[in-house]
Amino acid sequence: YTLQGERDLISYSKNGAVMKAQVLSFNRLCYNIFSRSGGLCQTPLDDIGKALVIKKIVAENKNDFLYFKNCCSKPGFIEQLCDIITEFFKFGVTQKDIEEMIISSDEEALESKLKDLHIIYSKFSDYIKSGYISSDTALDMLYEKIDSSGFVKDALVWIDGFSSFTPQELKI
């Protein structure tokens, strides 16, 4: 998409060239900001690393699970947990939000599932805070650093090619 964006930008310019314009995805914007203001010193955690961390968390806590106890070793379970954790980050779901959902739940199965998810999410969040950066947390870190970086100061910004944004992207 960014390559097509660059082609479109060049085709719209009068002489077919653009000097200081950049077409950036959110991930590339993160990289640019972090390279200027820090953040690249943290160890990156890719999707495979994330799955391994979640698998370890599940293995260490499966005896405490109420809902997930019997499905921890089923194929695809870890991948589904990874997707849920990603959605939590993208949509700004906090541990406190999950705790409030647990309290307000009147269904035993939902309450049990939320308690198990709370354990996994809080352990994963703690792991990330110990010096890792994942694609799930990169935009939150970008939000904290973008103003102080000076990278976008006095810049004109056009947003193109998006049909919607997650709350995490909207903050940026």
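Biologist: At what angle do α2 and α7 pack, and how far apart are their axes?

Modeller: In this predicted model, α2 and α7 pack at an angle of about 55 degrees, and their axes are 9 Å apart.

Biologist: Which residues make the contact of α2 with α7?

Modeller: From α2 come F26, L29, C30, I33, F34 and S37. From α7 come A138, L139, M141, L142, K145, I146 and S149. By class, this contact of α2 with α7 has ten nonpolar, two polar and one charged residues.

Biologist: What is the hand of the crossing where α3 passes α6, left-handed or right-handed?

Modeller: The crossing of α3 and α6 is right-handed. The contact is made by K50, V53, I54, I57, V58 and N61 on the α3 side. On the α6 side are I119, I120, K123, F124 and Y127. The residues of this contact of α3 with α6 divide into eight nonpolar, one polar and two charged.

Biologist: Why are α4 and α6 called roughly perpendicular?

Modeller: Their axes, those of α4 and α6, cross at roughly 70 degrees and come within 11 Å. The class of roughly perpendicular runs from 65 to 115 degrees, so α4 and α6 belong to it.

Biologist: How do you know that α4 and α6 meet, and which residues are involved?

Modeller: Contact means heavy atoms within 4.5 Å. By that test L81, I84, I85, F88 and F89 in α4 meet L117, I120, Y121, F124 and S125 in α6. By class, the contact of α4 with α6 has nine nonpolar, one polar and no charged residues.

Biologist: What makes a residue part of the lining of the largest pocket, and how many residues are there?

Modeller: A lining residue has an atom within 4 Å of a point of the pocket. The largest pocket is lined by 44 residues, of which L24, S25, F26, W158 and F162 lie nearest its centre. About 1600 Å³ of space lies in this largest pocket.

Biologist: Which element gives the largest share of that lining, and what classes of residue does the lining have?

Modeller: The largest share of the lining of the largest pocket comes from α1, with six residues. By class, the lining has 23 nonpolar, eleven polar and ten charged residues.

Biologist: What lines the second largest pocket?

Modeller: The second largest pocket has 14 lining residues, and F89, I128, K129, T137 and D140 lie nearest its centre. At least two residues of this lining come from each of α6 and α7. About 320 Å³ of space lies in the second largest pocket. Its lining has six nonpolar, five polar and three charged residues.

Conventions. Residues are numbered from 1 along each chain as its sequence is written. This is a predicted model: local features need pLDDT of at least 70, side-chain atom pairs count only at pLDDT 80 or more; totals for chains, interfaces and linings use all residues. Side-chain values use heavy atoms; hydrogens and water are left out. On a 1 Å grid over the protein atoms alone, a cavity is a set of points where a 1.4 Å probe fits but cannot get out, and a pocket is an open set with protein on both sides within 12 Å along at least five of seven lines; lining residues have an atom within 4 Å of a point. Grid points are joined across faces, edges and corners, and a volume is the space filled by probe spheres set on the points. Helices (H or I, at least four residues) and strands (E, at least two) are DSSP runs, numbered from the N terminus. Ala, Val, Leu, Ile, Met, Phe, Trp, Tyr, Cys and Pro count as nonpolar, Asp, Glu, Lys and Arg as charged, and the others, Gly among them, as polar. A crossing is left-handed if the near helix is turned anticlockwise from the far one by less than a right angle, and right-handed if clockwise. Axes are lines fitted to C-alpha atoms, for helices over the stretch in contact, and angles run from 0 to 180 degrees between N-to-C directions. Angles under 35 degrees count as roughly parallel, over 145 as roughly antiparallel, 65 to 115 as roughly perpendicular and the rest as oblique.
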